[in-house]
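Here is a short report on one protein model. It goes from overall fold to surface and then to the core.

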Amino acid sequence: MNKWRLPFLAVLCFVSESLFVDVWPKGDLYIHYFFVPRFFLVFLVLTAMHFGGTRAMAYGFIFGFLYDCVYTELLGVYAFAYTLIAYLAGKAMKWFHQNWFVASLLSLLSIVLLDSYVYGIQLLIGRTDWSFSVFWERRLWPTLLLNVAFLLVFSYPLERRLAKIRRFEQEE
């Protein structure tokens, strides 16, 4: 039973992104600004902190590929990005103290990296005509704002849950 706790938490974070978009109020603000939840990415950074980069990379590849299949028409964009971000987060956690604040800052940096990378790919293949300033104003800032709120509310309980799962796994 204990071995399924981490995959269950990963699925919960992954599914909560789309549930959040469904329940997010649709209004004028939503038409002009894009609030993209990146809850799974926060989970990925926290997983890299508690379980190491290799395990986070496996989750990043699997769920990134799933993200590509479900939400986008381009295979490999999120699979590569999530895997790379998990690798970088795992390496960064070796340099910094492993605490909630560092994980939160690293999560925000990861969100900027992921959204900028996806924007660059979209721009490269001609699927968007936004300038970088429009992207920055209409998508990146609202996304960061939404995910800061998520980090303030849920990252500490999520981090504690991951620490508990790691402790259970070490005891077995």
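## Fold

How many helices and strands are there in the protein? There are 7 helices and 0 strands. Helices (H or I, at least four residues) and strands (E, at least two) are DSSP runs, numbered from the N terminus. The order along the sequence is α-α-α-α-α-α-α.

This is a predicted model: local features need pLDDT of at least 70, side-chain atom pairs count only at pLDDT 80 or more, and totals for chains, interfaces and linings use all residues. Residues are numbered from 1 along each chain as its sequence is written, and side-chain values use heavy atoms, with hydrogens and water left out.

## Size and surface

The C-alpha trace spans about 50 × 30 × 30 Å along its principal axes. The accessible surface (Shrake-Rupley method, 1.4 Å probe) is about 9,700 Å², with 69% belonging to carbon and sulfur atoms.

Of the 172 residues, 40% are buried, meaning under 20% relative accessible area (1.4 Å probe, protein chains only).

## Core

A nonpolar core is a set of buried Ala, Val, Leu, Ile, Met, Phe, Trp, Tyr and Cys residues joined through side-chain atoms within 4.5 Å. The largest one holds 43 residues. Phe-40, Phe-43, Leu-44, Tyr-82, Leu-114, Leu-158 and Leu-162 touch the most other members. Elements giving two or more residues to this core include α1 (5-23), α3 (39-51) and α7 (132-171). The largest share, 11 residues, comes from α3.

What is Phe-40 in contact with, leaving aside neighbours within four places in sequence? Its partners are Ala-10, Cys-13, Phe-14, Glu-17, Tyr-59, Phe-63 and Tyr-82. Contact means heavy atoms within 4.5 Å.

Note on methods:
Buried means under 20% relative accessible area, exposed over 50%, partly exposed in between (1.4 Å probe, protein chains only).
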